[in-house]
Amino acid sequence: QPGVKRYVSQSITQADLTAGVSCTVALTGEPTGILPLAAYVVTSATATSSSGDTTGLNVKVGPVADDDGYVQTSATLGAAGRKERSSGSSPAAMLGTYRAADALLATFTATGGDPDCADISALAMKVVIYYVEVATE
């Protein structure tokens, strides 16, 4: 019986974000041939905005074809810690299904009156995925 393993992405900081309402950051070192069981984002610093025009920053995680297939929308600003998916969002569609090889992206969307990802300060975030490796049948 295979055991549950854990993938932790590289640290994503405000330096990885590009200007605009939305931007993406490619994850590195994702496992392949897996059955993902759960996924979430965790921050190790209190992320803030340097502008009153940007009042929030949401993130979702998945491959290009389903950009929220692993993590539905989660708010990242505020106190450091594990982030829950936003209320009203559905469970991520790719969890619990075999995944051969996903090139995962963290997609960020700034919110507010005139939102811009470049307004974000002190972001230090990682993506965590719990999974089981799938062996040859």
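Mentor: Begin with the terms. Strands (E, at least two residues) are DSSP runs, numbered from the N terminus. Two strands pair if DSSP finds at least two bridges between them. This is a predicted model: local features need pLDDT of at least 70, side-chain atom pairs count only at pLDDT 80 or more, and totals for chains, interfaces and linings use all residues. Residues are numbered from 1 along each chain as its sequence is written, and side-chain values use heavy atoms, with hydrogens and water left out.

Trainee: What is the order of the open sheet of four strands?

Mentor: The order is 3-9-6-7, and the pairing is antiparallel. Strand 3 (22-26) and strand 7 (71-75) each have a single partner strand, so they stand at the edges, with one side left without a neighbour in the sheet.

Trainee: How do you know that strand 3 and strand 9 pair?

Mentor: Count the bridges. Strand 3 and strand 9 (residues 105-111) share five, in the antiparallel sense. The definition asks for at least two, so they pair. Within this pairing, C23 stands opposite F108 in strand 9.

Trainee: What makes strand 4 a partner of strand 11 and of strand 8?

Mentor: Bridges again. Nine join strand 4 to strand 11, running antiparallel. Three join strand 4 to strand 8 (residues 81-83), also antiparallel. Y40 stands opposite V128 in strand 11, and V42 stands opposite R82 in strand 8.

Trainee: Why is the pair of Y40 and Y130 called stacked?

Mentor: Rings of Phe, Tyr and Trp (its six-membered ring) pair if their centres lie within 6.5 Å; planes under 30 degrees apart count as stacked, over 60 as edge-to-face and the rest as tilted. The search of the whole structure finds one aromatic pair. The centres of Y40 and Y130 are 6.5 Å apart and their planes stand at 25°, so the pair is stacked.

Trainee: How many salt bridges does the structure hold?

Mentor: Three. D67 and K60 make one, at 3.3 Å between the closest N and O atoms. R99 and D102 make another, at 2.7 Å, N to O. D102 has 13% relative accessibility, so it counts as buried.

Trainee: What does E30 have instead of a salt bridge?

Mentor: E30 lies in the loop between strand 3 and strand 4. E30 is buried, and the nearest side chain of opposite charge, R99, is 11 Å away. The side chain of E30 reaches the backbone nitrogen of L104 at 2.8 Å.

Note on methods:
Buried < 20%, exposed > 50% of the residue type's maximum accessible area, 1.4 Å probe, protein only. Lys, Arg positive; Asp, Glu negative; His and termini not counted. Salt bridge = Lys/Arg side-chain N within 4 Å of Asp/Glu carboxyl O. Polar contact = N/O pair within 3.5 Å; in protein donor to acceptor, adjacent residues only side chain to side chain.
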